[in-house]
Amino acid sequence: MGDAVKCRIHTDGASFTGEALLETSELIFRGDKRIVIKFDAIQSVEAVDGELHLTHKGGEATIELGSYAAKWAEKILNPKTVVQKLGVKAGQQVSVVHLDDAAFMRDLEKAGALITSGLAKKNSDAIFYGANTRADLAELESLRGSLASNGSLWVIRPKGVKDITESEVMAAGKAAGMVDVKVVRFSDTHTAEKFVIPVAKRG
């Protein structure tokens, strides 16, 4: 989830009171009316005196956000890449296992990560594991063994399918001796769930 702010929005000649939520790729207003403005539909953004002014394919909107207006304008104009949201930094040892995503691999390279593909390298700072079915979750325990003590295991799974569910991923991570700490939108079709080794169990 992103930032949420109680506010007032003016659009299409009407005004509504409610809560605005800034997600990674869209702005959502919930209240007297539900409004969704996707970043890729936004044509101009400007923050003036605590108001966020948006021109988008569906029209125009002004949102009273106070001190958040400038911050939100910056986030809309310069959204984080998936790799940034996943916390990858230059020089980190990253393993990509059972995940066929050429664009993601290119982004990891641009970020300066040291990449191992196909198998998990010992003492990886991050492991990105593609799990398409619940059967794939059986690998989490062995992958945990390849993590650095403060490393992170990201399970990349398809959204909204019966073959693998969020609760099944969470249960498998716990059974493998890890705790879930974060969920990130990986793409339009996939979600990334982050697991780490509990501090008390780190070597």
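**Figure 1. Surroundings of F16 in the predicted model.** F16 touches C7, R8, I9, T11, F29, D32 and K33, with residues up to four places away in sequence left out of the list. The structure shown here and in the following figures is a predicted model. F16 lies in strand β2, which covers residues 14-22. The relative accessible area of F16 is 15%, a value under 20%, and F16 therefore counts as buried. Between the C-alpha atoms of F16 and A120 the distance is 51 Å, and the two residues stand 104 residues apart in sequence.

**Figure 2. The largest nonpolar core.** This core holds 22 residues, and the members that touch the most others are L27, L52, L54, I63, L65, W72 and I76. Two or more residues each come from β1 (3-11), β2, β3 (26-31), β4 (35-38), β5 (42-48), β6 (51-56), β7 (59-64) and α1 (68-77). The greatest contribution is that of α1, which supplies 4 residues.

Figure 3. Once neighbours within four places in sequence are set aside, W72 is in contact with D3, V5, A20, L21, L22, L27, L52 and L65.

**Figure 4. Surroundings of T191.** T191 belongs to strand β13, which spans residues 190-196. With a relative accessible area of 11%, which is under 20%, T191 is classed as buried for this reason. Beyond residues up to four places away in sequence, T191 touches V155, I156, R157, K159, V183, V184 and F186.

**Figure 5. The whole chain as context for the close-up views.** The chain contains 5 helices and 13 strands. Along the principal axes, its C-alpha atoms fill a box of roughly 60 × 35 × 35 Å. The chain has 203 residues, of which 40% count as buried. Among contacts with a separation of 6 or more, 49% join residues 24 or more positions apart. Positive side chains number 27 and negative side chains 27, with the centres of the two sets 5 Å apart.

How values were computed. Residues numbered from 1 in each chain as written. Predicted model: local features only at pLDDT ≥ 70, side-chain atom pairs only at ≥ 80, totals over all residues. Heavy atoms only, no water. Buried < 20%, exposed > 50% of the residue type's maximum accessible area, 1.4 Å probe, protein only. Contact = heavy atoms within 4.5 Å. Lys, Arg positive; Asp, Glu negative; His and termini not counted. Charge placed at Lys NZ, Arg CZ, Asp CG, Glu CD. Core = buried A, V, L, I, M, F, W, Y, C linked by side-chain atoms within 4.5 Å.
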